[in-house]
Amino acid sequence: MLDLRDFIATAEAELPDRVVHIDRSVNPAEFEVTAILQQLEDVGRNPMAIFHRPLNLFGEVSRFPLITNIYAERERCALALGMPTSEAKFPLSLEYGRREKERISPTVVSAAEAPVKEVIQLGDEADLRQFPIVRHHHMDPAPYIDMTPIMRDPDSGAYNGAYLRMMYKGPQKLGLHMSPRHNWQITRKHEERGLPTPVAIVVSHHPAFFLGTLNVAPFGDDDYEVIGAVAGQSLRLVPSETWGEDFMVPADADIVIEGEIPPNVREVEGPFGEFPGTYGPQRLRWVIEVKAITHRRNAIYQDVFVGHADDWIQGGLPKEARIYNRIKGVVPSVTAVHLPTSGVCRLHCNVSIDKKVDGESKQAAFIVLGEVDMIKHVFVVDADVDVFDDRQVLWAVATRVQGDQDIDIIKNAKGNTLDPSQTDPIMTTKMIIDATKPVQRPFSERILVPQEAKDRVPIADYVRPVGAPAPLDVAEPATASGPLPAAGAPDEPAQP
Amino acid sequence: MAQIFYVHCPTCGGKFPCHPELWQVDYELLCPFCGDSFPQEASPLIITATGERRPGRDAGRPRPPSGAAGPARTPARAPAGDEDPSSSAESM
């Protein structure tokens, strides 16, 4: 059974220095949650943050604590999927890809067995102002809920979940932005029939649920089955308050908001600080009319720090295995794929290959660009470069790239309208940077400190801890290669 | 985002980006800074994607009382523009 509190306990136990608690009252609607997160980020920290006394939209201390930045480090994503933190890099990507292909049927439970039904609010009682909804960036016009609405395809009956931004517009009204993807298709089908679209917003749940919604399964596949597979257990469902068994909601969620999207109604929404770290413009978007709210008695409100690592890592992780598996079929020497946070986990892709034949790197890059339209720049490196380490990738670019020979530009390709560098709403320019060594000619080898030497002098035994007193008598450590040279006596004469 | 345009709020002077679909429809814009709603024509300055700068189409026109503006004038049908492959958190 998925329970957010179990995950928090695991994260506290496994990564205690990466969880912070904020006991003083803060006002999320006045940027005070993101102000804390931004200050932590500015000093290189991305901890999971639990705010114990956030204000709600009435200006009172909310009954709901607020948790955010859960996904800002891959180690916590690994814990969410039941994996050790040591496998948070590419093994996590591969495991996500493996699970995503499977399906686990959900389990229907009664309302009495469903924690999300511990508190049920209908009609005017279902008031959004009770929540500590977060206003993230200075040009956001209102607080936004940025978690996952679930919709149901009226033809196949399949459920679909996706992260979408929802602007607070009133006690029982939200604005809703959608891209032309699965939920957009479901809404359009309802609109064509003149019907409202039922929607259940899962505001808070165990992180495995949200990671599961990021799957890239085809339209028509049931997301509840995929989410169960990604989480590694059958997802428990319960009938909704508004539509009964015609629309099931996650039984173990912390908070679910039920509502309807009236057909063919649009209102202004945005601007909103988006994933590239820039604002998406104000535009005409759908609205949601809230019908019911259900939640656990001890529910915790959840938020994603969009446009930052919390948002980026979730977006990149599920794509890495998918790209890797596609490349593997054509370039078997591929060793790893990573969408780095420096490229907002969308626009840049690093690929490493154990190149056997010149040309393999470009072939791999073409597959990347064909597989994910958002990716704009592909960096292909040799297997001796860690694609998860931007410094190593840039070192390879610095030392293994000649601009006139190793960079290819592809014009008029499909991009992403939120990329502020685009000069066309849809079309973009792609770039392939081949930072691999040539196979056909001799190439300077990378410098290397012998591993056996590192094993001989482990730093824990040799380097004095910061602040530790210097020993009065320094005894020369015996090494396998004999006494150390005297200080100030270099091995080789200085250059004139 | 080649075709966004920037609108200056007639009340607080704040500048914010709008999608081109709002250029073409009769809708009230919402200032994210002061929360005022206003018709595009009331903006003292609009900056288009091509860098063109011009005052609002009839910036001197009297404005309705702030409370009378309402959130938006909803058209009977959804305007063109829904199909634009924009993005959001869904671009995850």
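Mentor: Domain bounds here come from an automatic or database domain assignment. For chain A that gives domain 1 (86–304) and domain 2 (329–435). Their centres, taken over C-alpha atoms, are 32 Å apart. This is a predicted model: local features need pLDDT of at least 70, side-chain atom pairs count only at pLDDT 80 or more, and totals for chains, interfaces and linings use all residues. Residues are numbered from 1 along each chain as its sequence is written, while chains are lettered from A and ligands numbered from 1 in the order in which they are written.

Trainee: How many residues of domain 1 of chain A are in contact with domain 2 of chain A?

Mentor: Eight, and they meet seven residues of domain 2 of chain A. Contact means C-beta atoms, placed from the backbone, within 7 Å.

Trainee: What makes the radius of gyration of chain A agree with a compact globule?

Mentor: Take the radius over C-alpha atoms; the globule rule is 2.2 Å times the number of residues to the power 0.38. For 496 residues the rule gives a value near 23 Å; chain A has 26 Å, which agrees. The C-alpha trace spans about 85 × 60 × 40 Å along its principal axes.

Trainee: Which residues of helix 4 of chain A are called buried, and why?

Mentor: Buried means 20 or more other C-beta atoms within 10 Å of the residue's own; exposed means 12 or fewer, partly exposed in between, with C-beta atoms placed from the backbone. In helix 4 (residues 90–100), L92(A), S93(A), Y96(A), G97(A), R99(A) and E100(A) are buried.

Trainee: How do you know that they line one face of the helix?

Mentor: Take the directions from the helix axis to the C-beta atoms. Seen down the axis, the buried residues of helix 4 of chain A fall within an arc of 165 degrees, so they line one face. They pack against helix 3 (74–80), helix 7 (223–231) and helix 8 (309–328) of chain A. Helices are DSSP runs (H or I, at least four residues), as are strands (E, at least two), numbered from the N terminus.

Trainee: Why do strand 1 and strand 19 of chain A stand at the edges?

Mentor: The open sheet has four strands in the order 1-2-3-19, with mixed pairing. Strand 1 (19–22) and strand 19 (301–303) of chain A each have a single partner strand, so one side of each lacks a neighbour in the sheet.

Trainee: What makes strand 3 and strand 19 of chain A a pair?

Mentor: Pairing needs at least two DSSP bridges. Strand 3 (residues 66–68) and strand 19 of chain A have three, in the parallel sense. There, I67(A) stands opposite Q302(A) of strand 19.

Methods:
Two residues are in contact if their C-beta atoms, placed from the backbone, lie within 7 Å.
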